[in-house]
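Here are a few exercises to work through with the model open in your viewer. Try each task before you read its solution.

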Amino acid sequence: MSPAAAGHVAVAWIGRGDAAVALGDVCRRLEQTFLTEVREEPLRDRPVDAFDARRGQYESTRILQWLARRVPPGARTVLAVTDQDLCIVVLTYVFGEAQVGGPAAVVSTARLQAPGGDPPTGALFEARLVKECVHEVGHTFGLTHCRNRGCVMGRANTIHDVDAKDATLCRECRVTLATLQAKEAANVP
Ligand SMILES: [Zn+2]
Ligand SMILES: [Zn+2]
């Protein structure tokens, strides 16, 4: 059975205004990596309840809870991209977060560009965005952090960690992904 039987990946902008970044590259890389149909599907509302006014950031875990209730019909995973800065309780910021094996993932562009506010364009920015999106969507399919050098599933705490890894899954993660997707397609827990 094809992995796509478990549903497509929906990609949605949930930042300020209209999408400030082009998501076409992200969609293509997700399609190539997860061998699953990927569609841009806009979400009408925004996760206003996830804003932490004290920190001036959005709590990514609360965004995921909000997002998990907005999975488009037929979708396996919904990836939200925002320009708002994200944090979790114990870290000053995160590039993104995902529910491991669950439906929701979020990635922020806020720290993927040079400080001082270069516009969110250019090859380096695009490459970083693609890596973070592949990483978080990888988590939703059940992949965990990988120690193999260069693997996109490597943990990234700083922008240097992001730049040091590739946009692709290592061989081991590709095998694991295929197993996880086959189990899901066969509906085996
Ligand atoms: Zn991760
Ligand atoms: Zn790996």
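**Exercise 1: the cysteine site**

In this predicted model, Cys 146 (SG), Cys 151 (SG), Cys 170 (SG) and Cys 173 (SG) coordinate the zinc ion (ligand 2) at 2.3 Å. Work out the geometry of the site of the zinc ion (ligand 2), and find where Cys 151 and Cys 173 lie in the chain.

*Solution.* 
- Step 1: Check the angles. They run from 108 to 112 degrees among the four donor atoms. Four donors count as tetrahedral if all angles lie between 85 and 135 degrees, so the site of the zinc ion (ligand 2) is tetrahedral.
- Step 2: Read the spacing. Along the chain, the donors of the zinc ion (ligand 2) follow C-x4-C-x18-C-x2-C.
- Step 3: Cys 151 sits in the loop between H3 and H4, while Cys 173 belongs to helix H5 (residues 171-185); they are 22 residues apart, and the pair links distant parts of the chain. Both Cys 151 and Cys 173 are buried.

**Exercise 2: the histidine site**

Which protein atoms are donors of the zinc ion (ligand 1), and are His 135 and His 139 buried or exposed?

*Solution.* 
- Step 1: List the donors. The NE2 atoms of His 135, His 139 and His 145 lie 2.0 to 2.1 Å from the zinc ion (ligand 1), and the donor residues have the spacing H-x3-H-x5-H.
- Step 2: Look at the helix. Helix H3 (residues 123-140) holds both His 135 and His 139, four residues apart, or about one turn of the helix.
- Step 3: Apply the cut-off. Buried means under 20% relative accessible area. His 135 has 4%, so His 135 is buried; His 139 has 8%, so His 139 is buried too.

**Exercise 3: the aromatic pairs**

How many aromatic pairs does a search of the whole structure find? Classify the pair of Phe 34 and Phe 141.

*Solution.* 
- Step 1: Count. The search turns up three aromatic pairs.
- Step 2: Classify. Phe 34 and Phe 141 have ring centres 5.0 Å apart and planes at 10 degrees, so this pair is stacked. The pair links distant parts of the chain, with Phe 34 in helix H1 (residues 24-34) and Phe 141 in the loop between H3 and helix H4 (159-164), 107 residues apart. Phe 34 and Phe 141 are both buried.
- Step 3: Turn to another pair. Tyr 93 and Phe 95 are edge-to-face, 5.6 Å centre to centre with 70 degrees between the planes. Tyr 93 is partly exposed at 22% relative accessible area, whereas Phe 95 is buried at 5%.
- Step 4: Go back to Phe 141. Arg 76 lies over the face of its ring, 5.0 Å from the ring centre.

Key:
Residues numbered from 1 in each chain as written. Chains lettered and ligands numbered in written order. Predicted model: local features only at pLDDT ≥ 70, side-chain atom pairs only at ≥ 80, totals over all residues. Heavy atoms only, no water. Donors = N, O, S within 2.8 Å, 3.2 Å for Na, K, Ca; no water. Helix = DSSP H or I, 4+ residues; strand = E, 2+ residues; numbered from the N terminus. Buried < 20%, exposed > 50% of the residue type's maximum accessible area, 1.4 Å probe, protein only. Phe/Tyr/Trp six-rings, centres within 6.5 Å; stacked < 30°, edge-to-face > 60°. Lys NZ or Arg CZ within 6 Å of the ring centre and 35° of its normal. Tetrahedral: all angles 85-135°; square planar, octahedral: opposite > 155°, others 65-115°.
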